[in-house]
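Please read each point with the model open beside it.

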Amino acid sequence: MMPVSRLTPNPNKGNRSWSSVKRWPLSALLMGLSLVLIESYAAEPAVTAPLSVEPQTVESLADATSIEVAEPDTAVEQILGQTLLLSLADVSPVFSATYQQLSQWRHRALDNEEQGKLQQMQLQLDNYWQYLDAQAECMTPCSSAALLPKDTYFRAVVLKLKQLMALAESSTWDTLILEDKLSPGQESQLIAPIAQRLFLLGFLENMHSAASEPVSELGSEPVIKQDTISPDATTPAGAVAQSKQVATVNNPLRYDDALVSAIKAFQTLHGLQADGVIGKQTLYWLNQSPYARAQLLAKNTLRQQIFTRTLPASYLVINIPAFELHFVEAGKVILNSKVIVGKASRPTPLLSSHISSVVLNPQWRVPRTIVRRDILPHIRQDGHYLQDRGFDVYDYDGTRVEHSPQEWQELASSHFPYRLVQRPGAKNALGRYKFHFDNSFSVYLHGTSEPSLFKKTDRALSSGCIRVEKVEELARWFQTHLVKDTRLWDKLAPNTTQSQWFALSDTMPVYTVYWTAWLDDAGQIQYRNDIYQLEAEFTQAVPAAIFYIL
């Protein structure tokens, strides 16, 4: 599940009215959030993930982070994590230089001159957080950005970044190349280096292929081996360990069950189909270095933290790369749902708006672009397509038009001067419900006539609109809490053919965001594919003038 521990709204806020809908790619909202739990480096702090609104405290992290802060100079350690995150997020070269300097100061006492520089570094951080406060689009006072470094979730992320940086400094991560996909039971020279990466990332408790040197592209990377002392086979753990070791000795190049299980866990945390097959996408993520992972986590975390500071108490948020919707009511997550979003060629836009009405049994007025790209090819193949799918055809004067199947095929192959409206019903592409919100892209939330598509892992399948799996639950909430005419709703609900718009007593904020990395409820770092190739477009750069110390 997409975390949302830091989607923590200000409890004093109500739903806001927006003067206009933000336009794609919505850089002003600085939206965006998507490593794996590295168990071999440090104990995990307890983390409440991003959609929870329980009061965040640092006390719960005290024990878990005591190793981190018990350095000779705690003042250095207190700002080291902040500058690490801001350096990785490419906020400013100022923080990159500061992080390098602080790293050299960590394990020794500072002289007077260095103490003065440390104070200046703290002032630069203060100036940055104050700058974020000034830039925030809060309709009512929002929480100060300067509080973020004290936040539990923020500190947990910083700990992960330190672990990743330690791994980046102690290992090499050359690109692995597979000519074809690798399925369970097959053999490959890459088994050892793949196992080594899974071990370093925390997916294998023991180094795989212990009986052989990795036949790898990792250069002079040191090989981490299992203890040469055989475990006691009389114990359950010993028997398992011994059986694994024997299997590895017999064929160290075989893609065996232990490694398959590790790959499946790896695939799950990267939003991939957990089938154990190492294909292009799995190999892509295996090739992402610890440093690249740290950068992605830092950039997404900062964008998420900035975004969450402006949230009202109740809202819907759709994370596009995660294919997930979260509905928060009064600071509590009340609904999580899979969604289908736009294809890469027809992306779902990043926006903020307000749901203002709900349509029961909606008609679908098909946009001209979808008619041209999707509907006409079907008509050319099948002249009965319009009739079978419940489409009415109108000319541009509003007059209904009818033709024979053969004539429709001919028209679809040449000039097609008509508008299409799909009648309500089981075959309607919008399903039973449509949630309307103003935007310049003609997109909205709705159901679907093809629920089987939610079983897919990659759900970038629509023409831009957002299809919701748990659309019935969402509609029931609106009917119970916001629909004005509930009697009419109850009367029409059994009827699947009559379309009706329902006004709401209040609007509901809705956001589409783009988060490709986050820390989940279990303290694990989730990653998602950059399906629209937008990561390179997001920037957290700030003007150098904000660091001038008066």
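1. His 326 lies in strand β2 (residues 324-329), where strands (E, at least two residues) and helices (H or I, at least four residues) are DSSP runs numbered from the N terminus. With a relative accessible area of 1%, His 326 is buried; buried here means under 20% relative accessible area, exposed means over 50%, and partly exposed is in between, with a 1.4 Å probe and protein chains only. The side chain of His 326 makes a polar contact with the side chain of Asn 336, at 2.4 Å. A polar contact is a pair of N or O atoms within 3.5 Å; within protein, one must be able to donate a hydrogen and the other to accept it, and residues adjacent in sequence count only if both atoms are side-chain atoms.

2. Some words on the basis of this note. This is a predicted model, in which local features need pLDDT of at least 70 and side-chain atom pairs count only at pLDDT 80 or more, while totals for chains, interfaces and linings use all residues. Residues are numbered from 1 along each chain as its sequence is written, and side-chain values use heavy atoms, with hydrogens and water left out.

3. The chain as a whole has 15 helices and 14 strands, and of its 550 residues 50% count as buried. The chain exposes about 25100 Å², of which carbon and sulfur atoms supply 50%; accessible areas come from the Shrake-Rupley method with a 1.4 Å probe, and for residues only the protein chains shown count as cover.

4. Which other histidine deserves a look? His 270 is placed in the loop between α8 (257-268) and α9 (280-286). His 270 counts as buried because its relative accessibility is 1%, and its side chain makes a polar contact with the side chain of Arg 293, at 3.1 Å.

5. Helix α10 (residues 290-308) has 19 residues that should span 27 Å at 1.5 Å a residue, and its end C-alpha atoms are 27 Å apart, which agrees; the expected span is 1.5 Å times one less than the number of residues. Because 15 of the 19 residues of α10 are buried, this helix is largely enclosed by the rest of the structure.

6. The largest nonpolar core has 72 residues, of which Leu 86, Tyr 128, Trp 129, Leu 161, Leu 198 and Leu 302 touch the most other members. Its largest share, nine residues, comes from helix α5 (residues 152-170). A nonpolar core is a set of buried Ala, Val, Leu, Ile, Met, Phe, Trp, Tyr and Cys residues joined through side-chain atoms within 4.5 Å. A second, separate core of 61 residues includes Phe 327, Phe 416, Ala 475 and Tyr 532.

7. Which residues does Leu 86 touch, not counting residues up to four places away in sequence? They are Val 91, Phe 95, Leu 125, Tyr 128, Trp 129 and Leu 302, where contact means heavy atoms within 4.5 Å.

8. Ile 194, in helix α6 (residues 191-200), is buried, with a relative accessible area of 0%. Leaving aside residues up to four places away in sequence, Ile 194 touches Leu 176, Ile 263, Ile 278 and Leu 286. The C-alpha atoms of Ile 194 and Ile 263 are separated by 9.3 Å, although these residues are 69 residues apart along the chain.

9. Strand β12 (residues 500-513) is joined to strand β1 (residues 315-319) by four bridges, and these two run parallel, with Val 317 opposite Tyr 511. Nine bridges join β12 to strand β4 (residues 351-360), and here the strands run antiparallel. Two strands pair if DSSP finds at least two bridges between them.

10. Ser 357 stands opposite Ala 503 in β12 and also opposite His 436 in β8. β4 and β8 pair in the antiparallel sense over five bridges, and β8 (residues 433-437) is largely enclosed by the rest of the structure, because four of its five residues are buried. Two bridges join β8 to strand β9 (residues 445-446), again antiparallel, and the bridge partner of Lys 434 in β9 is His 446.

11. Three strands form an open sheet in the order β5-β7-β6, with antiparallel pairing; the edge strands, each pairing on one side only, are β5 (364-365) and β6 (391-394). β5 pairs with β7 (residues 419-422) over two bridges, and the bridge partner of Arg 365 in β7 is Val 421.
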